[in-house]
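Dear colleague,

Please find the structure below, together with its sequence. My notes on it follow directly after.

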Amino acid sequence: MSDIQQYLLTVGPDKAKASGIAKETSERLESKETTLIEVVRSLGEYINEEDATVRTKTIGYLSEIIGHLSPTFLSRQQIQTLCEFLCARIEDEGAVGGLRKLQGLGRFSKEMAVTTFRAMLEHFQDLQIRPQPQRLQILELLNDLMSKHRNALKKLGNESVVGITDLVMGEKDPRNLMVIFSILKVVMMEWDTSGHAETLFDSVFCYFPITFRPPPDDPYGITAQDLKSRLRDCVAASSYFAPYAFPQLIDKLDSTSPNVKKDVLQTITACASSYSVTTVSNYSVTLWDSLKFEILNVQEEDLAEEALVSLQAIAIRLSRGLDSTDPKTPLARYLRPITKECNEQLHEPQQKQAKPAGQILSALGITSPVAFYLIVKTVVPPLNTLYQDADSIGKQRALLEVLVQIMDSAIAVYGTPSILAPTSTIENPLEPFKDRLFELTSQALMSTAADEVSFRVVALKAVLRLCLLRKYLQDNEIGMAVQYFDEIILVEDPSGKDDLKKEAIRALVELSRIKPNLIMDITFPAFMSKLPDTSLFESQEYLIILEGLAQLSVEKFVSDTLIRRLLNKLDVVLQNYGSSAYPRAILSTLHYVLSQRDLPQDPNLGSYHENIVVGLTNRVLLASTGQAPTTALNEDATLEMLGRLSTMIVRALNRHKQKSVAIQVYSLFAEEGAFTPVPFRKDAPKSQRSTMILSTALMAGVGRSVTLQYTDIDSGSIQRLLAELVRLALAEDVPAIRQAILRQIGLLTNKFLPSQETRDITDSLRNLVSGLLETTTMSENAVRVVFWEAKGLVLRLAHTDEALRRLLSLLSNPECGFASACGFGLLLAPDEVLSKENGASIRLLAKQKAFNICVPTIAQDFRKADTAIKPNYLVALSGILKHMPTEVIMSEIDILLPLLLQTLDLEDSDVKAATIQSLTVISQESPKAVEGHMGSLVTRLIKSASDPKMNTASVRHNALRCLRIFPGRVKGSTLLPYRNSVTRGLLGVLDDPRRHVRKEAVECRAAWLNMDEPQSD
Amino acid sequence: MSEILNANPTIRNASDLPSRRRLGASQSLSKTPQGLFASVVPASAYLPDPFSPHSSDSDISDEDEDEIEPIDEQEIYDLISPISDPEHPLTLGSLSVVNLPDIYLTPTFPEKGAASPLTTLTVLITPTITHCSLATVIGLGVRVRLEQALPPRFRVDVRIKEGTHSTAEQVNRQLGDKERVAAALENGTLVGVLRKMLEGCESGAV
C-alpha cells in the first residue's frame, strides 16, 4: 500500500499515527529515497476524487509533508509549484494549512505572497458560510502574510485594503475577531488609507461597543476586555478616522449602560492620545461640550473620573512640545471655553456643579506648565474677586477649596523643595498673586470666628500648600505660617477644635521635613515655654503640646534637644507637687521619641541609660527610704511608665552593660548600704516594695543568658529566688506590686530557667496545686502564682501536658475553681513583659497545643460536672478561646458550639463578652458551622442584647453585631423562620438607654428586614 | 432616571452638617487622654487582672453604665440624613432636605407627664425645588427609615415644610395616610427606589 493510501485509512481514526506516516514520507524525501514529483503523482487519483472529504485529506497529507520538511529543503521552484498547486485547491480544507507552512519558508517570494493573497480573495468571498475553525485558519494565513510579507501586500494598495475589509466582513466569533482586529490595525496604521478611511473605520466600529460575555469555563480565555482593547487600538489607529469616530462616540455617550459609557470614554481617551494634534484640536471643543456633562452632572463617580481623564488626554496631546502661552495655540483654544464654563460655575460656589468645576481645573492644570499657566491666568483673578464679594463663609470655603485644588496642581507641576518637578521655561503664573494669596489665606485662617472649624481647616490647607510650593514663599513668610500653626495649637481654646489642631500639627510635621530650621527656631521654643512646671488639676493642656513635640522630632537634631529639655522639665515638675499624670505624660513622650530611634546604634544610648534608667531609679530609691522627699515618681503608675522606658533602653544595651544591670536588678544601682533589696527580707514597707516594678522592667530588658542577682553560683540559684518570689507574691496585696512579682515569676520560668531545670518547676506546681485542693481557705494569690508559673512553661512548651492537667484539675474544686477558671484567660494572653521582644521563649505551637489539651477535657468534664461548678468550665473555655487563632477553633467547632451557647446563659459579663466575640468570629469565618444552631443562637443573642440590667452595654452591642452577621452569610431559608422573632425581639432594643447600642440595633434590624431580597453579590 | 429636575442644587459640606461630636466636643479629649501615645504605649501595662471579675474597664462606655442617653433630635437627624436623594448621589443632609431644626420631639400626652412614654416625632422636609415631584418619595423614604429604626412608642409624622412646595398639602395627605403608605410599599419599583435610597444608612459589613 502506498503512503497516501495508508494515510487516508489512518487519518480518520488516529490522527497522530497518520501524522507519523506523513513524517516518514518527508524523511524519505529528505534522504532522497523518493522525489517530490513521485509524491505528488501518487496523490493523483485521490486529489480529483468526487468526495470532498477524500480531497481534503489528501491535501492535508501534502500539507503535513511540507510541514515536516526542513526549512531549506524545498527549492524556490518547488515552492512556486506547490504554492500554485495549493492556491488552485485553496477551497479544499487543508490547503490553507499547507500555504501557512509554505509562506513561512525563506524562499517564499513576494510574488507568491501576492498569488496566495489573490487566491484567498477570489475563493473566500463566502467566508462566513464556512465553519469557525476553518475561518480561523484562513484568517491566520492572512495574518501570517501580513507579518512576513507586509510590503508585498502593501504594494497592492487599494486592492489589499478593499480585499481585506471585504474578506473579514461579518465575522462574529471572538477568537476570529481578535485576529481580524490585529490585521486591520496594521492596515490602518501602515497603509495609505486616505481614500478608504470610512470603509476601514466601519469595518471595526460596527463592533462597538463590545457586549461580548465569555461563556462560563471559556476554554479560549478571551475576555471582553481583550476585545475592547484591540478594538480601541483600531479606532485610535489613524487620524483619518476622527470625522467618523468622534461624532459616533459622542453619540454613544447617551447610552444608559455605565459599561458602554466607560468604554466610550476610554476610547475617546485613546483617540485623543494618538490622533494628530491638528485632528484633536479640530474636535477638542466639541468633545468638551459633551464630556462636561458627565463631570458636572456626575451620576457615577468613576464615569466622571474617566471623563476627566479624557479631558486630560486632550490637553496632554495639545500641550506636546508646546512652550508658548500664546492665546492662539490649539491648547489655548481648547482651554478657553473650559475656563469660561468653570468660572461661571464658581459664581455659585455652593451649588453641586461648583465642585466638579474645581476638579476639572485641577485635573487640566497638572497636564502641562502651559495649561497650568493658561488656567491660572483666567481663573485666579475672578476667583479672587468672587472671594472678596462672597456674602457667606460657606461660599468662601467652597472657593478656598478650589484654590487648594489649584495649589495642588501647582505642586504637581512645579514640585516642592524636596520633590523636584521637571523644569519648565514657563514662569509660575501664581507669582504675581503671591502676596494676595498669602494674605487672603492667612486672614481666612487667623481672623475668622474660632468656631468656623471647617472653613479654617480649608484655609490651613491652603496656607500649607503655599508654603510647600517650590520657589514660592520666602522663608520669613513660611516662618509666619509656622507661627500661625503654633498659635492654633498653643493659644486657642482647646475645646472643640480638635480637627484644626490636628491639621496644624500635621502641617508642622510636613514643614519640618523641608524647613527643619524654622521648626527648631520658632515652634520648638514656643512649645517648650508653654509646658507648665506643674499640673495640679485635671487640666491636660500639656498633652497636645507634648504630642506635638513628639511628632515634630523627626529630625535627629531636633529630637536630641527635645530629650534633654524633657528630662530637665521632668526634674522641675517632680519638685512641684502635682498630679502624677503630668510626669507620666512626659515619660510617655520620652518613650515615644526614643521608640522612633534606632537605639542600639544611638551614640547617646549610654547617657540615656545613665540619666533615665540609673538616675531616675536612684531618685525612686532615695525617696523610698526616706532620704529624699517622695514625689509623683514613686507612685505605682509612674513607676510602670518609668519601667517601660527602662526596659526599652536596657534592651538596646550591649551584653557587657546588660550583665552589670542584671546583677543589680534588685539592688537597683544603689550605693553600698543605701538600699536593702526587697527579696529575702521581712516586712519591707510599701514604698520599697514598689521598686519591684522597676526590677521587673530591668529583668525584662536583659538578655536570657545573663546572670541575675541572687542566682549566681555563690549566693543561690534560680530555684531559690523563685521560691522567694512565690513567698512575696502570696503575701502581697497591692495589685501593681503583686503583678510585678508575678511577672518576675513568669520571666524566671520562661526566660531564665535552663531547660534541664524546668522539671523542678513542675514539682513546685504540684505542691501548690495540691495545697490549693486541700485547704478550705483558698488563697487567690496562690492561684495567681500557679497560673503564672504555668504560663511560663506552656509558652516554651515545657511539660505543657502535665502543667495544664494540674490546672484543669483545679476547675472542679468548689473553693478555688472559679478563680482558676478565670486564670485560663491569662495563660495565652499576650503580655507586655513576657514577650518575644524581651527574649521570652514563645513557641509557635503553644496555643494550638494548649487548645488540644484543654478543650476536649473541658468538654468532657463539663458534662459530668455539678450544676454549681459547670460555669467554671465555660469560663475557662472562654478564656482559652479568647486568644486562639480562628483556624484552631474551627477544627473543633462541633464540640465548642454547644458549650459556647450555654456560656451565653452565664451572668458574668466578661465571659459573655468573650463568648460573643468567639461566636462572632466563628459566624464570620464559617457560617455553615452555625446553621444547625440558628434557633438557640438567635434566642440567646437577642436575650444578651436586651435587658440592660443583666448585660453591660458592650455585651448588648456585641450581641447585636453578631446577630447582624447572619443575613447574607447564612442562607435565607435557614434564617427566614427566625426573621419575625428577630425584628420583633429587637423592637425593645431600639429603646435601649445607650445610644451606640440603639444604633447597632437599627442596623441589625435593617439587615434582617432586608434579608429576603436577593443579595447583590 | 428620565429628566433630572434640579440639576444643580446647593450642597452643604459634610463637615458642616450638625453632628454629635461638635455638640459635646470636650468629651473627645478627656476620653482618650493620650491619643498619640496610645498606639505606642498601651493604656496600662497591667492588663485587667482576669482573677478579679468585673474589675476590668476594658470598654470605655462601661464606665458610666447607668447613664441614660435619651433619643434626641440629633439622633433622629443621624438616622435620616444619610438617606440618599433619588436624583443625586448625595445625602438628604447635604442637600438640606432634612435639617436639625426641623425635627421636633414632643410628648404625645404632655398632660400625663413622664408617666406616658409616648412621643410624637415631627419631621419637616424641604424639597430642593418647589415643584419637585419626588417629594413624596423622599418623604416616604424618611418615614420608612424612622418606622424601622424607632421603638414603637414613637408616633412618626413626616410632612413638607410649609411654603417649600407647590403641592405640599397633597403630598402631606399622601404621607399621612397609613393605607396609602402601606399600598405604596407593595409597589415593587417604588420599594426598589426606596431600598437604594436607604442603602447609605448602613455602615457597611461587620
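How far apart do the C-alpha centres of domain 1 of chain A and domain 2 of chain A lie? They lie 22 Å apart. Before going further, please note that this is a predicted model, in which local features need pLDDT of at least 70 and side-chain atom pairs count only at pLDDT 80 or more, while totals for chains, interfaces and linings use all residues. Residues are numbered from 1 along each chain as its sequence is written, and chains are lettered from A and ligands numbered from 1 in the order in which they are written.

**The two domains**

The domain assignment gives residues 238–320 of chain A as domain 1 and residues 323–436 as domain 2; such bounds come from an automatic or database domain assignment. To their contact, domain 1 of chain A brings 18 residues and domain 2 of chain A brings 17 residues (two residues are in contact if their C-beta atoms, placed from the backbone, lie within 7 Å). On the side of domain 1 that touches domain 2, helix 16 (277–296) and helix 17 (301–319) of chain A each supply at least two residues. Helices here are DSSP runs of H or I with at least four residues, and strands are runs of E with at least two, numbered from the N terminus. Helix 17 of chain A gives the most to that side, with nine residues. By class, that side of domain 1 of chain A has 13 nonpolar, four polar and one charged residues. In this scheme Ala, Val, Leu, Ile, Met, Phe, Trp, Tyr, Cys and Pro count as nonpolar, Asp, Glu, Lys and Arg as charged, and the others, Gly among them, as polar.

**A feature from UniProt**

An unreviewed UniProt entry places the feature "domain: MMS19 N-terminal" at residues 40–297 of chain A; UniProt positions are given in the numbering used here, feature names are shortened, and annotations may be inferred rather than shown by experiment. In the model, this span of chain A is 70% helix and 0% strand, and its end C-alpha atoms lie 72 Å apart.

Helix 11 (residues 174–190) and helix 12 (residues 197–205) of chain A pack at an angle of about 160 degrees, with their axes 11 Å apart. Axes are lines fitted to C-alpha atoms, for helices over the stretch in contact, and angles run from 0 to 180 degrees between N-to-C directions. Helix 11 of chain A is therefore roughly antiparallel to helix 12 of chain A (angles under 35 degrees count as roughly parallel, over 145 as roughly antiparallel, 65 to 115 as roughly perpendicular and the rest as oblique). The residues of this contact include A:Phe181 and A:Leu184 of helix 11 and A:Leu200 of helix 12; the contact divides into six nonpolar, one polar and no charged residues.

The axes of helix 28 (residues 556–575) and helix 29 (residues 581–595) of chain A come within 10 Å and cross at roughly 160 degrees. That makes helix 28 of chain A roughly antiparallel to helix 29 of chain A. Their contact has 11 nonpolar, two polar and one charged residues.

For helix 42 (residues 870–882) and helix 44 (residues 893–903) of chain A, the axes come within 10 Å and cross at roughly 110 degrees. These two helices of chain A are therefore roughly perpendicular to each other. A:Leu874, A:Leu877 and A:Ser878 in helix 42 meet A:Leu899, A:Gln902 and A:Thr903 in helix 44, a contact with three nonpolar, three polar and no charged residues.

**Two backbone details**

The peptide bond from A:Phe208 to A:Pro209 is cis, with omega near -10 degrees. A:Pro209 lies in the loop between helix 12 and helix 13 (224–235) of chain A.

A:Leu668, a residue other than glycine, has a positive phi near 55 degrees. A:Leu668 belongs to the loop between helix 32 (655–662) and helix 33 (686–689) of chain A.

With kind regards
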